[in-house]
Structure formats: C-alpha cells, structure tokens
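Student: I would like to go through this model term by term. For each label, please show the value and the cut-off behind it.

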Amino acid sequence: MQRIGKHTVRVGEHEDTLDLTLRGDVTLDDAKQIFDFMAARFAGRSYMLVTGDMSELGHVLAEVRRLLVTDASRIPPIRGLVYHHAGFTARVLTELVIRGYALATGADLPVHFVKDEAEAGAWLARRRAQLAGAAQHR
C-alpha cells in the first residue's frame with residue numbers, strides 16, 4: 001500500500017487490480033503519483049482492472065481529467081472499473097473522467113457502481129472471467 005496525499009493505492013487481491021481509496025480532492029500532483037504507481041506496478045500486463053472506495057471523494061480537477069487522457073499510454077488498458085460507496089457526485093465525476101479516457105484510448109470500458117467491497121469483488125471476478133473467455137476465443 002502506498003499513501004499519496006490523503007489517498008491510498010495498492011495492488012488488489014489479484015495482480016491485475018488497482019485498489020484505490022480516494023479521500024478528498026484529487027490534485028494534479030496526486031494524479032501524477034497515482035499514474036506513476038500504476039505504470040510501475042502494472043508494467044507488462046495486457047490489461048488492468050480498477051476498484052475502490054469512493055465514499056470520501058471530493059473534487060477531481062479538470063487538470064486531472066486531462067492528465068488521464070494525455071498519460072493513458074503509460075499504463076495497460078483499463079478493462080473494467082467498479083467503485084463502491086460512491087455517492088452521486090463521485091459517480092458523475094467518474095463518468096466524466098472515464099469518458100475522456102475512453103475517447104483518448106478507444107477503450108470499451110465498463111464502469112459499475114456497487115454498494116460495498118464484497119459486491120465489487122464479485123463484479124471483478126465476473127469481469128475477469130469475461131476477459132479470460134474473450135482471450136480464449138482469439
């Protein structure tokens with residue numbers, strides 16, 4: 001686990017998953033450090049999944065959304081995102097950020113919001129199975 005400002009990031013239970021806890025506003029410096037973490041920990045992977053607790057998320061500045069678009073090539077493609085404890089504002093911010101990422105990368109990125117960490121884990125397991133099935137049919 002690594003602390004970045006008020007936030008925490010870590011590789012999840014599975015090696016393909018980034019687990020975030022975002023607390024308060026996400027600054028440009030925070031976002032750069034989160035990208036550095038992802039680039040280092042997920043290097044060489046064909047994809048990554050993202051999950052996390054959004055219960056205390058503040059604002060995501062426009063510069064942060066732009067960084068996601070400009071730095072997307074530094075990390076493996078994000079193939080699924082599931083957040084738990086996300087209120088209305090966190091959901092709207094997530095949708096804005098992910099739309100920018102999808103436009104920049106052409107990614108087909110499912111985004112899902114669930115009640116708690118257990119539901120997030122179940123969603124990740126289903127998504128992993130979908131991705132494995134798709135890889136077998138290539």
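This is a predicted model: local features need pLDDT of at least 70, side-chain atom pairs count only at pLDDT 80 or more; totals for chains, interfaces and linings use all residues.

Student: Why are helix 2 and helix 3 called roughly parallel?

Tutor: The axes of helix 2 (residues 62-70) and helix 3 (residues 88-105) come within 8 Å and cross at roughly 25°. Axes here are lines fitted to C-alpha atoms, for helices over the stretch in contact, and angles run from 0 to 180 degrees between N-to-C directions. Angles under 35 degrees count as roughly parallel, over 145 as roughly antiparallel, 65 to 115 as roughly perpendicular and the rest as oblique. Helix 2 and helix 3 are therefore roughly parallel to each other.

Student: How are the helices themselves assigned, and what is the hand of the crossing of helix 2 and helix 3?

Tutor: Helices (H or I, at least four residues) and strands (E, at least two) are DSSP runs, numbered from the N terminus. The crossing of helix 2 and helix 3 is right-handed. That label applies if the near helix is turned clockwise from the far one by less than a right angle, and left-handed is the label if anticlockwise.

Student: Which residues make the contact between helix 2 and helix 3?

Tutor: Helix 2 contributes Arg65, Leu68 and Val69, and helix 3 contributes Leu96, Val97, Gly100, Tyr101 and Ala104. Contact means heavy atoms within 4.5 Å. The residues of this contact divide into six nonpolar, one polar and one charged. In that scheme Ala, Val, Leu, Ile, Met, Phe, Trp, Tyr, Cys and Pro are nonpolar, Asp, Glu, Lys and Arg are charged, and the others, Gly among them, are polar.

Student: What makes Arg128 and Asp16 a salt bridge?

Tutor: Their side chains meet at 2.9 Å, N to O. A salt bridge is a side-chain nitrogen of Lys or Arg within 4 Å of a carboxyl oxygen of Asp or Glu, so the pair qualifies. Arg128 is in helix 4 (residues 117-136) and Asp16 in the loop between strand 2 (7-11) and strand 3 (17-26), 112 residues apart. The structure holds six salt bridges.

Student: Why is Arg128 called buried?

Tutor: Arg128 has a relative accessible area of 17%. Buried means under 20%, exposed over 50% and partly exposed in between (1.4 Å probe, protein chains only). Arg128 therefore counts as buried, and Asp16 is buried as well. Beyond residues up to four places away in sequence, Arg128 touches His14, Asp16, Thr17, Tyr47 and Leu49.

Student: What about Arg74 and Asp36: how far apart are their closest N and O atoms?

Tutor: These atoms are 2.6 Å apart, and the two residues form a salt bridge. Arg74 lies in the loop between helix 2 and strand 5 (78-84), and Asp36 in helix 1 (residues 28-41), 38 residues apart. Arg74 has 35% relative accessibility, so Arg74 is partly exposed. Asp36, at 42%, is also partly exposed. Asp36, Asp71 and Arg74 are linked in a network of salt bridges.

Student: How do you know whether Lys115 is buried or exposed?

Tutor: Its relative accessible area is 56%, so Lys115 is exposed. Lys115 forms a salt bridge with Glu119 at 3.9 Å, N to O. Glu119, at 33%, counts as partly exposed.

Student: What makes Tyr83 buried?

Tutor: Tyr83, found in strand 5, has 7% relative accessibility and so counts as buried. Among its contacts outside four places in sequence are Leu20, Thr51, Thr94 and Phe113. Thr51 lies in strand 4 (residues 48-60) and is buried too, with a relative accessible area of 7%.

Student: What is noted about the phi of His85?

Tutor: Phi of His85 is near 55°, a positive value in a residue other than glycine. His85 sits in the loop between strand 5 and helix 3. Its relative accessible area is 40%, so His85 is partly exposed.

Conventions. Residues are numbered from 1 along each chain as its sequence is written. Side-chain values use heavy atoms; hydrogens and water are left out.
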